[in-house]
Amino acid sequence: MVNVIIDGKKLQVSENTTILEAANKLGIRIPTLCFLKEVNEISACRICVVEVAYEHRLVPACSTKVSEGMEVYTNSPRAREARRINLELILATHDNECNTCPRNGNCELQRVCEELGVKQTDFVKNVSSHKTNKNFPLIRENNKCIGCLRCVNFCDKIQSLGIWDLVGTGKSAKVSTTSGRKIEEDNCSLCGQCITHCPVGALHERDDVLKVLDAIQNKDLITVAQIAPAVRAAFGEGLGIEEEKRTVGRMVAAAKATGFDYVFDTNFSADLTIMEEATELLERVKTGGTMPMFTSCCPAWVRFIKTEYPEFIDNLSTAKSPQQMFGAVAKTYYAKVLGVDPSKIYSVSIMPCVAKKAEKDLPGMGDEERGQDVDAVITTREFEKLTKLTYVDVDKLEEKEFDTPLGIGSGAGVIFGTTGGVMEAALRTAYYSITGKNPDADFIKDYRIDNGIKEFTVDINGVKLNIAVASGLANAKTVMENVKAGFKKYDFIEIMACPGGCAGGGGQPIHEGKELGAYRSQKLYALDKNGTLRFSHDNPAIKTVYKEFFEKPNSHIAHELLHVDHKQK
Amino acid sequence: METIKIKSKTKLSRSSENLYKEALKRINGAPQGTCPTELALAFANICRAQSCGKCVPCRLGFDAISEILNKILEGNGTSEDIALLEKTAKVIADSADCVIGSEGASALLNAIQVFKEDFISHVENDRCKENFTPVPCVANCPANVDIPGYIALTGAGRYADAIRLIRKDNPFPSVCGLVCEHPCENLCRRKLVDDAINIRGIKDFAVEMAGEVPVPDKYQDTGKKVAIIGGGPAGLTTAYYLSLMGHKCTVFEKRKRLGGMLRYGIPCYRLPDKYLDRDIDSILSLGVEVKLGVNIGTDITLDELKKEYDAVHIAIGAHSDKKLGIPGEDKIGVMSAVELLRNVGDNHKVDFTGKNVVVIGGGNVAMDATRTSRRLGANSVTCVYRRRIIDMTALPEEVMGAKEEGCEIVELQAPVRVEFNDKDEVTGLVVQPQIIGAFDRGRAKPFKANKPEEVIPCDIIIVAIGQEIENQYFAEQNIPTKWDQIVADDEAIIKGHDGLFSGGDCVSGPLTVIKAIEAGKVAAGSIDRYLGFNTVLTVDIDIPNPPTTYMQQCGRINMKERPAEVRKEDFEIMEIPMTLQEAKQECGRCLRCDCFGFGSHKGGRTNKW
């Protein structure tokens, strides 16, 4: 423990504490900009500089450890001057077109300017010209980039991909791809975590809102929306709606109010995924198929396997993701139910995810007859934007129910939105398949985690399954290296690319400095717990769709529509 | 007549001079991996700032170049711009009235031609080709030793940890503390403040204070056997790391003792046996088998080694001498520096009492021979060099040390022939005075002066003009050679010879101990992979936190030597180690580039290899 004095207040803290943490303990706020706890503690922006007695230079509060007798002045004239000038330098090179920026109103640069009272820059404006591909799901606009390097370090440390790097030095130094390839040709998984951790609008997803609104307002099209499980845990956060009002019913009402003809639930197709995937797993175990089997719901994980571990592509379940299954059902079974040509149906999915925008265009995700399974994907953030564009006052909406039959989903489907959820849902149904009866729905609850890697073994009537669950691609890499080296023998591996799973997805509302994956996951678990339907195979809509259309899991038609060859070019 | 006044500098001109001094600091401690285009721009701007403004090419040309480079840096350049850059620089160089324009433009033109690759990268991909180097000392250390780490540990008094950290990358801390050429200090970032850290001195201090530090635990025995030919720094480094990795190593050494050039090339007043043996004992404590006095080719053949061992590493060094090729070189009293130093290394101290010795050469070996002769009791020692003293490749402190010990350095004299008496004994060296002339390949070249030959009377002539590699036997075994060197790639692999590796002086030609250690490390990694492993060597030591901000300007502590009058009489160690007070202060000067600047972003250290 060391004794420090910050702005005249005395404090005793452990010596590995930073000045920033120590000040926080005293309730003293020090402005930060590039700082991202445990990921980006590189003190690049120099906004958090403070004055320390007897030191001849200002020191960054975010990365400087306290020492015995240290006397800190957090807001001295010298510190404020340095902050202001540094901020003005950033402003001189930042494209200040806030009005048209996706982060307007949720921007760290705006916040720090406001906090420091900086209203203009005295420096000559010199914004870099930038070339960017506006058609790719992930867009980087370097004229907005403030060089904080959060994206560089997040992708490197948490996702292990290291897609971004600071390239060049001096005036031409800027963030670009490490490889030198264009981002669309690079090994980017499209997890979107660099977007949610960007303090400004330098990184954002391709905006598909207008495309969707055009479809909604096109009288010739029937717009069918599906909403992913994790969206319900976050929708409304970015609209400033208070927590009690952020209910599933209000989210459905909002989607309906924007004008979609039908609003369905991806939980339905999550249940369908379980039927197909659990059957596939037990089939692989029985027939000695490629093991371990990997989940295939997360398109960022699938991209990761294709680029980083192509020799393991056959380990991916051939089951399509719930998004794609839903699209396929909408364009076939549901078109039949409605008695319309599939080309009349415009299938939109609302996802907590950026990679879903790329998944819908993969080979095998549709055919000439029915068209693409999914026509457009918007993120939770874009969904919120859509409600603004259509002047929907979400706050005042009465709650509504999903449409039927594709709006019926089980609790097993809901927890698809959290790390470990797909595994748990699959094991509930696997248990039923093996024993013929349902287990306690919470029978593997003890293995739930917020983030990281979890390994466990379940024994269902003598069928032993070694399980690994991980979220975050650095964790995925650890699991894969263990598999590759033969250190670990698993049967079934669930990976979600975003920390905490889709709840912490790259398409979710952005909250500076907060990781909300675990908090949103708890909301999903509560929905599962409080629901009456907790097993995918008990979902009446699923039973109907098999009876009327797919016959049985892994049937010929199911294979045609609900499975995909990941090696297809 | 007009009044003339005493010239005095204005405040402004003095400030300009000061800024140039600061600029010089930035050049001496230039960070590596910066954008070449950016650097060309900075140089063009300096040229522009120095133009008097009278003539067109210099006044307007440098500015035009600067504008084009700016455009390229902003990602708006074209290939026409690159061509225009070159043309402009050429015309300034060609048509400027004075050297302010022509020399600046010539230098710029050279740079433009070399940097073209980077310009193209900016034009085509809007990105630079270079990568910034976070920690300059580590980047410049061939063995990649974690220098800021061991300086911090030494400063904190954790000497044994410092040695353990060094050994992760270099098994010769004791040797390197005394004789490493310390390339780490060349671009030390502290040069931007005052002067480089005395890194070698700190290492030496840590070794002195640490006492005996046990080597780390070995990996489990793999059952693989490796033969290493040559017990010098390269071979022993390979043996050390391969042993740690669990492979069984046998070192075959031609001479009576291990150490190679460390024993037989570096005189013991610079590197006493005690210091060398400290490192060798640690290496051998891993269970390395040693066979002394074994000559490959006569005592055992390469084929036999290949049969008996899973891999063979050739690290025979460069132990034969180059001949002058002048008449009389075969007479009694003419010897090579290699031969002299080898005898001293084997404790055969020839007696030069009353003799007048001439040493020919200008490198560090020439200085070693000069100072060794002085210690062998010579009446006089004269080192003869055909260029100027400032052209000598020997370290300036070595030249100064030799002078302090009363040796004479004679510059601009080229040896012509040896004079001898009827008993074939040397009586003098005939030299031809030289004059320094035009530059050739970046160096001023001497040529014959219009002066008659001179005679330097002497009894002993020591030739120290370079070493060669005895590769005949290996060449006969069809191992690829080029001139006297063995050909191996940058992974120490001899192409086309399965299981054969080579590294060190015998591949690179005579270099430094730290380059030999690098070669030994590389070979160890390659051999381990060849044997079917991919062993990771690591060390678990937490490095102390850096100070909050760096110490303001503070002089560098230089190493001191025992008084010349005393040290020239014996072979005892010449250098005086740092005191605790000195070492503490010097460690405190380290800027901890591993924790600040780019180091805080990219991570200042690699914990394993």
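Modeller: Let us begin with contacts: two residues are in contact if their C-beta atoms, placed from the backbone, lie within 7 Å. In chain B, residues 24 or more positions apart account for 71% of the contacts with a separation of 6 or more. The corresponding share in chain A is 74%.

Colleague: What should I know about the model and its labels before going on?

Modeller: This is a predicted model, in which local features need pLDDT of at least 70 and side-chain atom pairs count only at pLDDT 80 or more, while totals for chains, interfaces and linings use all residues. Residues are numbered from 1 along each chain as its sequence is written, and chains are lettered from A and ligands numbered from 1 in the order in which they are written.

Colleague: How many residues do chain A and chain B bring to their contact?

Modeller: Chain A gives 22 residues and chain B gives 20 residues. On the side of chain A, these divide into 5 nonpolar, 12 polar and 5 charged. Here Ala, Val, Leu, Ile, Met, Phe, Trp, Tyr, Cys and Pro count as nonpolar, Asp, Glu, Lys and Arg as charged, and the others, Gly among them, as polar.

Colleague: What is the radius of gyration of chain B, and how does one judge it?

Modeller: The radius is taken over C-alpha atoms, and the globule rule is 2.2 Å times the number of residues to the power 0.38. Chain B, which has 23 helices and 20 strands, has a radius of gyration of 27 Å; this is close to the 25 Å from the rule for 609 residues, so chain B is as compact as a globular protein of that length. Helices (H or I, at least four residues) and strands (E, at least two) are DSSP runs, numbered from the N terminus.

Colleague: What fraction of the residues of chain A counts as buried?

Modeller: A residue is buried if 20 or more other C-beta atoms lie within 10 Å of its own, exposed if 12 or fewer, and partly exposed in between, with C-beta atoms placed from the backbone. By this count 51% of the 569 residues of chain A are buried, and for the 609 residues of chain B the figure is 47%.

Colleague: Why does A:Ala173 count as partly exposed?

Modeller: A:Ala173 has 17 C-beta neighbours inside 10 Å, and therefore counts as partly exposed. A:Ala173 lies in the loop between β7 (164-167) and β8 (174-177) of chain A. Leaving out residues up to four places away in sequence, A:Ala173 touches A:Leu166 and A:Gly168. A:Gly147 is 26 residues from A:Ala173 in sequence, with 8.9 Å between their C-alpha atoms.

Colleague: Which strand pairs with β11(A), and in what sense?

Modeller: Two strands pair if DSSP finds at least two bridges between them. Strand β10 (residues 222-227) of chain A pairs with β11(A) in the parallel sense over 4 bridges. A:Ile227 stands opposite A:Asp265 in β11(A). The chain passes from β10(A) through helix α7 (residues 248-257) to β11(A) in a right-handed β-α-β crossover. Right-handed means that, with the strands pointing away from the viewer, the path from the first strand over the helix to the second runs clockwise. In strand β11 (residues 262-265), A:Tyr262 and A:Phe264 point one way and A:Val263 and A:Asp265 the other way, and all are buried.
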